[in-house]
Amino acid sequence: MNKKTDPIKVSVCVVTYNQEQYIRQCLESLANQEIGCRYEIIVSDDASTDKTPDIIVELSEKYPLKITPILHKTNMGASKNYISAHKKARGDFVCHVDGDDYALPFKLEKQTRFLEDHPSCSAFAHQVKILKQKGLDGETQTNPDLIDLKYLLLNHPCFLNSSIMYRRALSEDFLDNDVEFIDFLTYISLAKHGPIGFINEPLAVYRAGIGVSSSLKMMKFIQQAIDRAEETEVSDDVIKRARAKQYFSYSIAHLLKDELEKFREYIDTAKRLNPENTKIIIFFNLRQFPSLLKAAVIIFKKLKH
């Protein structure tokens, strides 16, 4: 079992940029997985300027039958780097892991077994532990066992990128893409073909606040992803509520950064799209008192933790 001549069942795609502090733990955690089939690890470095490429080469020499390095000479950007790695995948199932996160034992085995046992599911995701500067700090949210397109739209983000494993046969919708896109589009494209399975068990660790894409300038791409769902039988009401939820979420993020013009723009749009949502109405009616709203949000976040 797991000989060089065995067919590759699982491809793990790792994308990284300037993550010399984290990439070793990420790759070691993947290379040492116990799984009853042959798998490959494709790690795509986006022209890092630190020692990340050196560490990748070192580990590819240590695990030559598992790790395939892709070392770009010029920076491509997060989307193109993602596509570059995922298009190299040869397995029936493709797992994504960001270079600053790492896997827990049996992650690949449990995900592979689920997709083998549930042919109607397009993908499988799981909870992750959250690692902050002071150490592990909770887990991501719980979800139902099966996440359909409606639930995904109304609850995004309900899982993180480093938790997804999907069927490679369904990847054309999001990999045949020459423009910048985000993981939400991947999830929507997959959920169009069948529910995404979910397990309320952490199988990886996510480093909060470290990732390559932490910008607030993502609303255009969020809405482009929701556009993809309009091609399905999901109702117009769900689409509007999904758009409003994202505008509301980003309005709060801009409020906390004192970016008040964007806050008011986004809360106005959220109110127009979903005028019956109580939280949106409250923030809309009090939008001229940003200091009060910001204080309330900060207090709520502290009480929640």
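Some ground rules before we look. Because the model is predicted, local features need pLDDT of at least 70 and side-chain atom pairs count only at pLDDT 80 or more, while totals for chains, interfaces and linings use all residues. Residues are numbered from 1 along each chain as its sequence is written, and side-chain values use heavy atoms, with hydrogens and water left out.

Let's start with the helices. Two packed helices are described by the angle between their axes and the distance between the axes. Helix H8, residues 219-229, and helix H9, residues 236-256, have axes that come within 10 Å and cross at roughly 165 degrees. That makes H8 roughly antiparallel to H9 (the term covers angles over 145 degrees). Who makes the contact, meaning heavy atoms within 4.5 Å? On the H8 side, the residues include Met219, Ile222 and Ile226, and on the H9 side they include Ile239, Ala242 and Tyr247. By class, that contact has 8 nonpolar, 2 polar and 2 charged residues (nonpolar is Ala, Val, Leu, Ile, Met, Phe, Trp, Tyr, Cys and Pro; charged is Asp, Glu, Lys and Arg; the others, Gly among them, are polar).

Now follow H9 to its other partner here, helix H10, residues 260-273. Their axes are 8 Å apart, at an angle of about 160 degrees, so H9 and H10 are roughly antiparallel too. Among the residues that meet are Phe248 and Leu255 from H9, with Phe263 and Ile267 from H10. This contact has 11 nonpolar, 3 polar and 3 charged residues. In the loop between H9 and H10 sits Asp258, with a positive phi near 60 degrees.

Most residues other than glycine have a negative phi, and most peptide bonds are trans. Asn18 is another non-glycine residue with a positive phi, about 50 degrees, and Asn18 lies in the loop between E1 and helix H1. As for the peptide bonds, His156 and Pro157 are joined by a cis one, with omega about 0 degrees.

Asn18, by contrast, is partly exposed at 30%. Among the residues that Thr16 touches, leaving out those up to four places away in sequence, are Ile23, Val43 and Asn81. Thanks, everyone!

Conventions: Axes are lines fitted to C-alpha atoms, for helices over the stretch in contact, and angles run from 0 to 180 degrees between N-to-C directions. Helices (H or I, at least four residues) and strands (E, at least two) are DSSP runs, numbered from the N terminus. Angles under 35 degrees count as roughly parallel, over 145 as roughly antiparallel, 65 to 115 as roughly perpendicular and the rest as oblique. Contact means heavy atoms within 4.5 Å. Buried means under 20% relative accessible area, exposed over 50%, partly exposed in between (1.4 Å probe, protein chains only).
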